Amino acid sequence: MEKENLSVVLHSQGDLRLEQRPIPKPGPNEVLIQMHSVGICGSDVHYWQNGRIGDFVVKKPMVLGHEASGRVVKVGSEVTHLREGDRVAVEPGVPREMDEFFKSGNYNLSPTIFFCATPPDDGNLCRYYKHSANFCYKLPDNVTYEEGALIEPLSVGIHACRRAGVTLGSSILICGAGPIGLVCLLVAKAMGASQVVVTDLSPERLTMAKELGADFCLTVKKGDGPDELAKRVEALLGAQPHVSMECTGVESSVQAAIYSTHPGGVVVLVGLGAAMTTVPLLHAATREVDIRGVFRYRNTWPMAIAMLASKKVNVAPLVTHRFPLEQAAQAFETTRQGHGVKVMLKCDKTDQNP
């Protein structure tokens with residue numbers, strides 16, 4: 001094993017550095033992982049550019065990264081389900097205490113949860129990383145490291161579709177064809193959605209959405225009225241969608257999702273926008289349109305692994321750029337500029353394969 005642990009560390013707003021850190025030692029219930037593939041998320045870029053997301057503020061140097069997979073190289077004394085050499089996907093949120101949220105299965109809502117690359121918790125964009133063994137999931141032989149890393153964004157799609165009640169025959173509007181909108185599309189189709197409309201400003205991203213199974217793609221322009229957009233969605237489907245999944249956080253897009261949804265339907269807010277957003281609440285209330293929040297995910301890794309192993313879902317096309325860990329600055333800039341869909345950093349010097 002190497003003696004150095006190259007890590008991508010955010011010191012403060014705009015100050016991103018590559019640094020050597022000590023290789024951590026796993027505790028009794030932890031494993032040490034040689035990281036292989038780590039995706040860059042929009043939240044990583046947001047912390048880099050702004051130094052904070054809402055109430056989460058970078059106050060001390062923090063390792064970025066939370067979309068991750070790797071190979072177990074050391075096993076804690078009390079770990080029985082994993083062994084050295086196992087390929088694993090990392091679930092980044094680990095409850096710190098057995099509170100009411102943990103007991104009810106809603107551990108993602110625990111206010112004290114550990115979460116990779118959310119201040120003050122370090123992420124896993126590094127050579128070596130230790131993590132709770134209970135939140136590391138063994139990958140089947142036919143699932144690649146990159147697919148394992150993409151389980152994290154895929155889990156957002158699974159949780160969003162569960163919250164929305166997506167089922168056989170559902171018609172769906174997805175606002176936004178970024179990585180999260182695209183995984184919502186993949187999961188919705190796998191769960192039996194019959195017709196899916198995807199909207200975005202970018203024709204290139206809509207082309208990807210079409211390739212991944214969208215039935216209709218709708219290019220929107222800045223300044224489009226949300227009520228007019230809703231009428232265009234209805235015209236495409238022949239009826240209003242049962243479910244609208246808002247994946248941008250943009251105020252006008254949230255409004256369009258509410259106007260679009262069928263009476264008695266559901267709007268799920270997946271994207272994060274401004275703290276205060278003006279929405280047509282009365283329009284939703286008088287039509288009994290439920291508005292539901294989505295915060296990360298819970299209990300999704302087993303389903304995601306089953307989807308990937310069975311080839312019911314193909315996330316591989318989402319990876320459009322790859323960089324070795326040493327080129328992290330270039331990788332982050334590529335993501336910031338909005339090139340491609342998913343940028344993947346390769347952390348193992350000896351294995352840069354997917």
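**Notebook: a pocket, a sheet and a helix pair**

I sorted the lining of the second largest pocket into 11 nonpolar, 5 polar and 5 charged residues (Ala, Val, Leu, Ile, Met, Phe, Trp, Tyr, Cys and Pro count as nonpolar, Asp, Glu, Lys and Arg as charged, the others, Gly among them, as polar). The model is predicted: local features need pLDDT of at least 70, side-chain atom pairs count only at pLDDT 80 or more, and totals for chains, interfaces and linings use all residues. Residues are numbered from 1 along each chain as its sequence is written, and side-chain values use heavy atoms, with hydrogens and water left out.

I looked up which residues lie nearest the centre of this pocket and found Glu30, Phe114, Tyr129, Lys130 and His131. Strand 11 gives the largest share of the lining, 5 residues (strands are DSSP runs of E, at least two residues, and helices of H or I, at least four, numbered from the N terminus).

Next I checked an open sheet of 3 strands, with order 2-1-6 and antiparallel pairing (two strands pair if DSSP finds at least two bridges between them). Its edge strands are strand 2 (15–21) and strand 6 (62–63). Strand 1 is joined to strand 6 by 2 bridges, and leucine 10 has methionine 62 as its bridge partner in strand 6.

Last, I took helix 1 (residues 42–50) and helix 11 (residues 328–336), which pack at an angle of about 100° with axes 10 Å apart (axes are lines fitted to C-alpha atoms, for helices over the stretch in contact, and angles run from 0 to 180 degrees between N-to-C directions). The two helices are therefore roughly perpendicular (65 to 115 degrees).

Definitions and conventions
Parallel < 35°, antiparallel > 145°, perpendicular 65-115°, else oblique. 1 Å grid on protein atoms, 1.4 Å probe; cavity = no way out; pocket = protein on both sides within 12 Å on 5 of 7 lines; lining within 4 Å.
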